[in-house]
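Hi,

Here's the structure I said I'd pass on. Have a look at it first, then read on for what I found in it.

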Amino acid sequence: MNNETRLRRVKRFIATLNQARELGLTVTEAQEGSLTLCLPYSERIIGYPDTRVIHGGAITTLMDTASGSVMICVLPEFELCPTLDLRMDYMRPAVPDKPVYARAQAYRVTRNIIFTRCEAFQDDGETVAQCVGTFMRIGQAATPKSYRDLIVGNDPATGDDS
Amino acid sequence: MTTPEVLKYTQETGDFARMLDGIPYASFIGLQCDRFGDDLIFRLPPKDANLGNPILPAVHGGVIGGFMEMAAAIYLMMSQETLRMPKIVDFSLDYLRAGLNREIFAECHLTRQGNRVANVMITAWQKSRSQPIATARAHFLLDDKET
């Protein structure tokens, strides 16, 4: 699988997640074992109105989505992998009016579990938050074929790319 | 904004509308809160925009996390541990069951209260309190009690 295919699959996957669409998440890049997502700034997700800083929950969703999508970049076939746990460290508030990026990496894949780490940062390169997570592999069979086809692009309606 | 005046009003009346209206992210996910005596129950009514996994369909795990995080912060303000929205330091979240597309409830417990840091445990459930969909614990900084 090349990076263009990975990018297309991740984009299609993100597009099926209502909350990711609601937040306006986009895919910046995808490669073997890692990817980067972008969360644009929005006044709707402010958690601290006096400073206009966005709420940690939006960053949690960004990092959960990034970490949960990275399985597309490590597994040969698409499998839905539910989150087992996440541990988030919020190092500094995200500067308002600027996007937040999350780069997720799958650093260990076993038959049952995918171990991930993820860093959220802004344009100046400063780390806003960090997250480690584990995701359960429930197997391909647990993901309906129509949904798998939608993500990998075997659906005639979306075009075949794989 | 959750000013001391809004906080005082909310503490006295148990009416959370003004407080929640002042926090955009609370409205974004649709967080609600009810007070029963001294106890607070947080609610997240079903909302299509909050869904993640479209197959089940299930609420996005990040929304469940954000809901629990915001619940813990409001809980700390209501228990007068801090006058302003406390800053979250870290958050550890275990997902136990899928959050289906119906209402989610959450309650909080203050595990440990130091001078500057509070540790809060949060439990979220749908069908039954005895079958939580997620548990979490969080550390918050309470650095501005005087201001």
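Before the contact counts, the rule behind them: two residues are in contact if their C-beta atoms, placed from the backbone, lie within 7 Å. Also keep in mind that this is a predicted model.

On to how the two chains meet. By that rule, 33 residues of chain A are in contact with 32 residues of chain B. Which elements of chain B supply at least two residues each to the side that touches chain A? They are helix H3 (24–29), helix H4 (61–78) and strand S3 (87–95). S3(B) gives the largest share of that side, with eight residues. Sorted by class, the side of chain B that touches chain A has 18 nonpolar, 10 polar and four charged residues.

In S3(B), B:Asp90 stands opposite A:Asp89.

I also looked at one residue of chain B, B:Leu40, which has its place in strand S2 (residues 39–44). Is B:Leu40 buried, exposed or partly exposed? The cut-off for buried is 20 or more other C-beta atoms within 10 Å. B:Leu40 has 19 C-beta neighbours inside 10 Å, so it counts as partly exposed. Leaving aside residues up to four places away in sequence, B:Leu40 touches B:Cys33, B:Arg35, B:Tyr75 and B:Met78. As for B:Met19, it is 21 residues from B:Leu40 in sequence and 14 Å from it in space, C-alpha to C-alpha.

Cheers

Note on methods:
Residues are numbered from 1 along each chain as its sequence is written. Chains are lettered from A and ligands numbered from 1 in the order in which they are written. This is a predicted model: local features need pLDDT of at least 70, side-chain atom pairs count only at pLDDT 80 or more; totals for chains, interfaces and linings use all residues. Helices (H or I, at least four residues) and strands (E, at least two) are DSSP runs, numbered from the N terminus. A residue is buried if 20 or more other C-beta atoms lie within 10 Å of its own, exposed if 12 or fewer, and partly exposed in between; C-beta atoms are placed from the backbone. Ala, Val, Leu, Ile, Met, Phe, Trp, Tyr, Cys and Pro count as nonpolar, Asp, Glu, Lys and Arg as charged, and the others, Gly among them, as polar. Two strands pair if DSSP finds at least two bridges between them.
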